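Please keep the sequence and the model in view while reading.

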Amino acid sequence: MTEPVLRQAAPSPGCPPPHPAPRRPSLELPPGSCDAHCHILGPSAVFPYAPERTFTPVDAPKEQLAALHAHLGLSRAVVVQSSCNGSDHRVLLDALAAGGGRLRGIALIGPATTRAEIEELHRAGVRGFRLNFLPHLRTAPTREEIASVLERVDGLGWVTELHVTGSEVADHADLIRSLPGRVVIDHLARVNLADGPRGRALRGLRALLDTGDVWLKVSGVDRVSRQGPPWADAVALAASLVAQAPERVVWGTDYPHVNIEGAAPDDGLLVDLLADIAPDQDGLRRLLVDNPADLFDFPPVPAPGPADPRKEQP
């Protein structure tokens with residue numbers, strides 16, 4: 001008897017397919033560059049999405065992500081467990097096992113996730129967990145739920161990633177300051193640029209960065225911008241935050257760009273915008289190589305040695 005063929009469910013509105021032909025970046029990235037925020041989705045016939053999910057994406061399996069990274073010049077990545085998979089980490093574990101040490105993971109720890117499961121995730125390469133505060137993803141976690149997760153991951157050195165939007169980075173400032181270890185805020189805190197440079201959220205974000213324990217992903221310029229590509233307003237914001245805390249910023253593509261408006265951005269363009277976000281070579285290396293290696297426990301990448309003057313002669 002022939003096994004039935006599982007077909008992917010129709011994707012939700014706001015979940016377009018990835019850009020069909022991202023350009024090859026003109027910006028040359030330093031060796032060991034890391035995409036510090038991306039997702040692997042499916043194939044759903046092998047790794048079904050959670051029944052309780054709030055959206056259905058287009059499949060974007062590990063092979064597709066690896067091909068994109070090779071095209072863009074990225075050799076490392078941090079794969080963030082998507083809420084559409086819930087706390088079933090099979091797709092993440094599969095990717096980490098196939099990654100040859102070039103991948104790290106961020107987990108979603110549910111109420112039923114045991115310490116033994118968490119230790120398995122750690123051995124596989126997971127180095128943090130994510131808390132989603134966005135209402136389209138789940139109900140915001142309570143203090144009790146957060147305390148329960150922190151207790152179960154205690155001693156592993158994991159980072160806490162926060163996905164917030166609008167004024168929430170300021171609303172939750174006391175919580176963020178109270179969290180142990182290093183805290184990473186995703187996607188420029190998804191601040192509302194309409195509030196201006198003195199808006200409450202941006203002031204709160206800058207104050208948190210000044211504590212020395214809070215890190216920021218300067219990803220998602222396309223989500224934050226009030227303009228079209230190349231999203232100059234959000235790029236300028238990202239550049240100012242990189243200048244403020246150059247030792248505590250990382251960057252990611254956010255591939256394959258779920259829950260967005262319009263078509264998926266060109267990931268090659270997102271890479272080229274790094275020339276404006278981190279405009280000098282030292283800052284670019286820190287953003288893409290040194291900071292993610294420190295934050296996500298990758299082996300350090302040796303800094304390039306001095307140029308051989310003989311190669312500069314005609």
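Which residues does Pro 11 touch, not counting residues up to four places away in sequence? Pro 11 touches Thr 56, Pro 57 and Val 58, where contact means heavy atoms within 4.5 Å. The model is a predicted one, in which local features need pLDDT of at least 70 and side-chain atom pairs count only at pLDDT 80 or more, while totals for chains, interfaces and linings use all residues. Residues are numbered from 1 along each chain as its sequence is written, and side-chain values use heavy atoms, with hydrogens and water left out.

**Pro 11**

- Pro 11 lies in the segment before strand E1; helices (H or I, at least four residues) and strands (E, at least two) are DSSP runs, numbered from the N terminus.
- With a relative accessibility of 41%, Pro 11 counts as partly exposed; buried means under 20% relative accessible area, exposed over 50%, and partly exposed in between, for a 1.4 Å probe and protein chains only.
- Between the C-alpha atoms of Pro 11 and Asp 59 the separation is 8.9 Å, although these residues are 48 residues apart along the chain.

**Backbone geometry**

- Gly 42 and Pro 43 are joined by a cis peptide bond with omega of about 10°, and Pro 43 sits in the loop between strand E1 (34-38) and helix H1 (62-72).
- Another cis peptide bond joins Tyr 255 and Pro 256, with omega of about 5°; Pro 256 belongs to the loop between strand E8 (249-250) and helix H10.
- Trp 231 is not a glycine, yet its phi is positive, at about 55°.
- The position of Trp 231 is in the loop between helix H8 (221-224) and helix H9 (232-244), and this residue is buried, with a relative accessible area of 6%.
- Asp 297 likewise has a positive phi, of about 65°, although it is not a glycine.
- Asp 297 is located in the segment after helix H12 (281-296) and is partly exposed at 43% relative accessibility.

**Asp 267**

- Helix H10 (residues 267-272) contains Asp 267.
- Asp 267 is buried but has no salt bridge, and the nearest side chain of opposite charge, Arg 223, is 10 Å away.
- A salt bridge is a side-chain nitrogen of Lys or Arg within 4 Å of a carboxyl oxygen of Asp or Glu; Lys and Arg count as positive and Asp and Glu as negative, with His and the chain ends not counted.
- Apart from its neighbours within four places in sequence, Asp 267 is in contact with Pro 22, Leu 68, Leu 72, Thr 253, Tyr 255 and His 257.

**Pocket and cavities**

- On a 1 Å grid over the protein atoms alone, a cavity is a set of points where a 1.4 Å probe fits but cannot get out, whereas a pocket is an open set with protein on both sides within 12 Å along at least five of seven lines; lining residues have an atom within 4 Å of a point.
- Grid points are joined across faces, edges and corners, and a volume is the space filled by probe spheres set on the points.
- The second largest pocket holds about 310 Å³ of space, and its lining residues include Arg 190, Asp 222, Arg 223, Trp 231 and Glu 261.
- There are three cavities of 30 Å³ or more, and the second largest cavity holds about 60 Å³ of space.
- Among the residues lining the second largest cavity are Val 218, Asp 222, Trp 251, Thr 253 and Leu 270.
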